[in-house]
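Please read the following comments with the coordinates open beside them. They are meant as a colleague's note, in numbered points.

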Amino acid sequence: MRLSCRVNGEDRQVEGVWEGESLLYVLRERLGLPGSKNACEQGECGSCSVYLGGVLVCSCLVLAGQAEGCEILTVEGLAEGEALHPVQEAFVETGAVQCGFCTPGLIISTHDLLERNPDPTDAEIREALAGNLCRCTGYEKILDAVRLATIRTGTNEDPS
Amino acid sequence: MPGYHRAELSVELKLVPSPTGEEAPREQVEAAKQAASGSGLAREAGPETTVLAGDRAEVLEALVEAIRASLDAGVRTIEVKVEAEAEAERFD
Amino acid sequence: MTRTQTTPTLVTRERPKAPASTPGRIGESTIRSDGVPKVRGEFEYSSDLWMNGMLWGATLRSPHPHANIWSLDTSEAEAMPGVYAVLTHEDVPGRKVYGMEIPDQPVLAWERVRYQGEPIAIVAADHPETARRALDRISVEYEVLEPVTDAEEAMSESAPKLHLSGNVLRHVRIEHGDPAATADVVVTGEYEIGMQDHAFLGPESGLAVPDEEGGVDLYISTQWLHIDRDQVAESLGLDPGMVRLTLSGVGGAFGGREDLSMQIHACLLALHTSRPVKMVYNREESFFGHVHRHPAKMRYEHGATSDGRLVYVRARLIFDGGAYASSSNAVCLNAATFACGPYDVPHAEIDSYMLYTNNPPCGAMRGFGAVQACFAHESQMDELAQALGMDPVELRIENAIEPGMRFPFGQEVPPPAPVAELLERVSAVPMPEEKEVVGRDLRELPGGVSNVTHGEGVERGVGYALGFKNIGFSAGFDDYSTARVTLSVEDDEPLARVHTAAAEVGQGLITVQAQIARTELGIEKVVVLPADTRVGSAGSSSASRQTYMTGAAVKMACEAVREHLFERVREEFGEDPGDLFLEDGRVVSGGHGIVVLLTELIGGEEIEELVEFHHKETIPLDEKGQGDAHVQFAFAAHRAVVEVDTELGLVRVVEIASAQDVGKAMNPQALEGQIEGGIAQGLGLALMEEIQIGEGKVLNASFTDYLIPTILDMPPVRAEILELADPEAPYGLKGVGEPPTIASTPAIVAALRDATGRKLSRVPVKPDQIVGLAKKPPDRPLQPGSRGPQGEES
């Protein structure tokens, strides 16, 4: 089948999509956007998180056809040119990235959290990110990253 | 800790079962393998292939036993490849 | 069994990017150079690889844990449109088995399968779904056999022999002191540990690209490129030079990438089809695609004087190695040498057995034998403290091993070994605040927002544990790492290029290599080249060894470059090399100040040095289990504070405090990450992680059913980092990756016992154990150190 959608602000069209393909597969294998990750393909780990029509989804659980005509934002679309998004910056600076396989999903989820709740408490951060598995960091530095991103993106002043 | 040690001596025995033997070919090979296993040095390395690996003396001793057992099991041809530990550095 | 196709023109893949970085010096927290591409989604992992015209590989796996294969018919699959190759064992041109220690594992099974998930055939097709459907069209006629699923049963004479060499893969026995020693106070216990999975997030994957001369390039995530290359080449029947490996982005490893998974398969398919072939496991397949942590049953007897000095330890450890050898031999040895814990034990008798069964193969995982033993010896220390009426911390400090003493396996304890100090430090960390349970935010109670308790039945407990681990490869293995450092001038600046084959698996190795080069050469800019087999082996990124081994190799190569520069300065300027140092891109003399800019000294040249670093010699254990088997020892102490809903058996870990001896913190931020991440895996083993096996079959091969800690499960970690230099190690550093995983599990279980008063002798601890509904372990008489695989206990 043919699929048309808008990905990271660009109109994209792909031919020859098999009907059973997930949005994750189309992004990774047909659109050259492998940033969204294939860690479980079971909707359990959050590594494939993207925005579909402004809603946070596990792209492994979305059939490609459901994205027809939709707007999609992936981790590749967050930075503006060379400048990282403050959430991305915070992950790098706090050491929240080790192997990095969970990172794109966590960045999208954190972005979504801060859109909804610009000043989350630790308990709220933990709740919001509970659907994103990380196997390397023990999450301590991920919490640090979200706290720093909160400061950077919010109206809060950076105390440092 | 993987230790990619090569044994001092490895002998690969490839057994060619006799089509006219009393036992079916697969059974001949199986019987020969089981007989070779007595030494504790044997392992399977293919459908008809058994490897004996260890110190030189023990492998040479086990080899004769293994050949004898294979012949007793009805196997008529045995290809033997003997490999001494490579002198060369491994991961060059 | 291959359909011939027109060979497409091969596009040579670009090598992975290696940007220049300006890292901090050693000892500074410095931002990882792969951090930016990783947060942008631009870092190329092995599952992201893509080439025009590439095919997809897929693997047919046995549904049975033990079966004979009577026939195998691939013709229907081969005839499917879009299918380019269907291969079986007959198509393996070289050695049909592989394995790091003992090559006993079939590349593709022939007449027998020994575990559920064993590969039987592989397919290459133009779409992953076509490949998957082709697998369904391969018909295999099985004769299902009774699986051997219990390690102790595998020892018995009546058990079917799974391999020609028998079911006992290894037995290590340690005899130390007087085997007949007696003691005032004796405690016995039987402990059990379930099968843990690495659950790295990046699945097994890679891309094999055939060249036009019969060779192949493999882009792969692994922990040791050269051992992969040698095994791949051997099975392909190729000269190792014709098999070139390049490390692709690795999504975590933890020991689970030491063994081969799809490496040989992808190369076979690529060579057969003359097309690039990509293989990517999904999560379910990943559970079958790599080894797991060995389940163990451990029986212990500890004897002590009435004033709390250890007299003896007797232990019998039984490990389920699963169907193939993997690195089980070394795990068996490690567990034996760590069986008594970091204590002064005058008399010991240890038997460690490794068995073949029809369960999934087990092998390397973070902690490597020390994890299992630590859970048992630390549980015993708590039992002993209780029997003696002593404080468990005091008992441990009283018996802590010290430099100059000997471990039960005969090796002298090298300094530093601050065992007592670590425990003192961790005890001194202020206790976390205990908020009133009633009225608390539900998210801070066991069970969380499931709304199961509002504070009723919640008890707090505290537990301590000590653990230790050998760093580096042991028992006579001549382990080394190779580094090439090149210094040149680019854009009017000195630039060092560091080339090794060491695998960055997430731990931050490329950053530490850059830090070392910057520090040793006194320059700003460093490029760490992609790891590949164009340079000599770096050994494995395992055993917490890579910063030690490859760090030392990079350091030595930089020193050689520096000597070269100083010799030139001596020739040109008459300066005494002994008086020179490098700083800010200049050669500086202690007496005369700046001598020359590096840019001027080097000009258009490239100064290149290639070195190999070997660690000190170790020796195998003798027949009494004695020998200087290990290179270095690293220690950690943990304190866990937990809260338990004693009615439902739900647990919330409140905090973990840790004190670890690291020698030198090369990159403190990355080191903290190792400690926190290692503790999370220890917490997982304590509370939730277990591959459930029924009749040899895996029952929970998904992240829905195999649970790993989420951000809601992980408490804050308070880490005390102790830097006491090891005089024999580069920069005095110690490996840091494994110790956090070892003692955290028993510390949490000790805290659970403290909260509930229950014995809890098996991990992961399940709610039914906590509330007392679980079956007790069978009441068998203890047979420590019984002398044969057919011990009297059966």
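The points below go from the conventions to the chain contacts, and then to selected elements of single chains.

1. The model is predicted, so that local features need pLDDT of at least 70 and side-chain atom pairs count only at pLDDT 80 or more, while totals for chains, interfaces and linings use all residues. Residues are numbered from 1 along each chain as its sequence is written, and chains are lettered from A and ligands numbered from 1 in the order in which they are written.

2. Two pairs of chains are in contact, and chains A and C share the most contacts; here two residues are in contact if their C-beta atoms, placed from the backbone, lie within 7 Å. Chain A and chain B are joined by no contact, and their closest C-alpha atoms are 21 Å apart.

3. Between chains C and A, 49 residues of chain C are in contact with 46 residues of chain A. On the side of chain C that touches chain A, α1 (35-40) and α15 (668-687) each supply at least two residues, and the largest share, seven residues, comes from α15(C); helices (H or I, at least four residues) and strands (E, at least two) are DSSP runs, numbered from the N terminus. By class, this side of chain C has 23 nonpolar, 16 polar and 10 charged residues, where Ala, Val, Leu, Ile, Met, Phe, Trp, Tyr, Cys and Pro count as nonpolar, Asp, Glu, Lys and Arg as charged, and the others, Gly among them, as polar.

4. The contact between chains C and B takes 27 residues from chain C and 18 residues from chain B. Helix α5 (residues 225-236) of chain C gives the most to the side of chain C that touches chain B, with three residues, and that side has 11 nonpolar, nine polar and seven charged residues.

5. Chain B contains two helices and four strands, which follow the pattern β-α-β-β-α-β along the sequence. Of its 92 residues, 37% count as buried, a residue being buried if 20 or more other C-beta atoms, placed from the backbone, lie within 10 Å of its own, exposed if 12 or fewer, and partly exposed in between.

6. In chain C, strand β15 (residues 296-304) is mostly covered, with nine of its nine residues buried. A296(C), M298(C), Y300(C), H302(C) and A304(C) point one way from β15(C), whereas K297(C), R299(C), E301(C) and G303(C) point the other way. Nine bridges join β15(C) to strand β10 (residues 185-193) of chain C in the antiparallel sense, with G189(C) opposite Y300(C); two strands pair if DSSP finds at least two bridges between them. Nine bridges also join β15(C) to strand β16 (residues 310-320) of chain C, again antiparallel, and these two strands form a hairpin with five residues between them, in whose turn G308(C) has a positive phi of about 95°.

7. An open antiparallel sheet of chain C has three strands in the order β6-β2-β8. Because β6 (112-113) and β8 (139-144) of chain C stand at the edges with a single partner strand each, one side of each is left without a neighbour in the sheet.

8. Is S541(C) buried or exposed? S541(C) counts as buried because it has 30 C-beta neighbours inside 10 Å, and its place is in the loop between β21 (525-528) and α13 (546-573) of chain C. Not counting residues up to four places away in sequence, S541(C) touches residues including Q223(C), W224(C) and A253(C).
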